[in-house]
Amino acid sequence: KDKLLSWIKQQMDENKSFQKLLLEFMKKQGYEEQPSKLYNKIDLDRRVFSRIASIASEQQPDKKTVFKLIIGLELELGDAEDLLGAAGFDFNCHKRFDMILKYCIEHHIYQTVTVDEYLVEFDEKALFSIK
């Protein structure tokens, strides 16, 4: 039992929390000082962003919010998979929505309007608001 608890703790320590990983990516992409540029870019409510980005928070975002952050941060596929994984998700190869987003990320398509156009073209719900 002690070995199992020790192993679980080690595994959890090695895997960064969603919040820590998000803050690392924000710093890397230049959003650390002005997070409003990120959450406004992806049409995410400031309060929702604050709750999920807070290190003290245990609140995990939903999958669509993680996808919004990935597009907004213009993450490479490996980083996108890491951020999804940290929130408890992955790309579901059986869902067209996920595969369209994966395609956009692999092909560096990060314009929110373009991403939404692809989604809507394939009868999926827009991720961002099409205006």
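Colleague: Which residues make the nonpolar surface patch of about 410 Å²?

Modeller: Keep in mind that this is a predicted model. The patch includes Trp7, a residue that lies in helix α1, residues 2-14.

Colleague: Is Trp7 buried, partly exposed or exposed?

Modeller: Trp7 has a relative accessible area of 49%. Buried would need under 20% and exposed over 50%. With its 49%, Trp7 therefore counts as partly exposed.

Colleague: What pattern does the chain follow along the sequence?

Modeller: There are eight helices and zero strands in the chain. Read along the sequence, that gives α-α-α-α-α-α-α-α.

Colleague: What is the radius of gyration of the chain, and how does the globule rule compare?

Modeller: For 131 residues the globule rule gives 14 Å, and the chain comes close to that, so it is as compact as a globular protein of that length. Along its principal axes, the C-alpha trace spans about 55 × 35 × 20 Å. The radius of gyration itself is 16 Å.

Colleague: Which element gives the largest share of the largest nonpolar core?

Modeller: That core has 38 residues, and Leu22, Phe49, Leu69, Ile70 and Leu83 touch the most other members. Elements giving two or more residues to the core include α2 (18-28), α5 (63-73) and α6 (77-86). The largest share is six residues, and the element behind it is α5.

Colleague: Which residues does Leu83 touch, leaving out those up to four places away in sequence?

Modeller: Leu83 is one of the core residues that touch the most other members, and it is also among the buried residues of α6. Leaving out those sequence neighbours, its contacts are Phe18, Leu21, Leu22, Phe25, Val66, Ile70 and Leu75.

Colleague: What covers the buried residues of α6?

Modeller: Those buried residues are Leu77, Asp79, Ala80, Leu83, Leu84 and Ala86. Their cover includes α2, α5 and α7.

Colleague: How much of the chain's accessible surface belongs to carbon and sulfur atoms?

Modeller: Buried residues make up 37% of the 131 in the chain. The accessible surface comes to about 8400 Å², and the part belonging to carbon and sulfur atoms is 50%.

Conventions: Residues numbered from 1 in each chain as written. Predicted model: local features only at pLDDT ≥ 70, side-chain atom pairs only at ≥ 80, totals over all residues. Heavy atoms only, no water. Core = buried A, V, L, I, M, F, W, Y, C linked by side-chain atoms within 4.5 Å. Buried < 20%, exposed > 50% of the residue type's maximum accessible area, 1.4 Å probe, protein only. Helix = DSSP H or I, 4+ residues; strand = E, 2+ residues; numbered from the N terminus. Contact = heavy atoms within 4.5 Å. Patch = residues over 30% accessible without salt bridge, like charges linked within 9 Å, V, L, I, M, F, W, Y side chains within 5 Å. Areas by Shrake-Rupley, 256 points an atom, 1.4 Å probe, with all protein chains shown as cover. Salt bridge = Lys/Arg side-chain N within 4 Å of Asp/Glu carboxyl O. Rg over C-alpha atoms; globule rule 2.2 N^0.38 Å.
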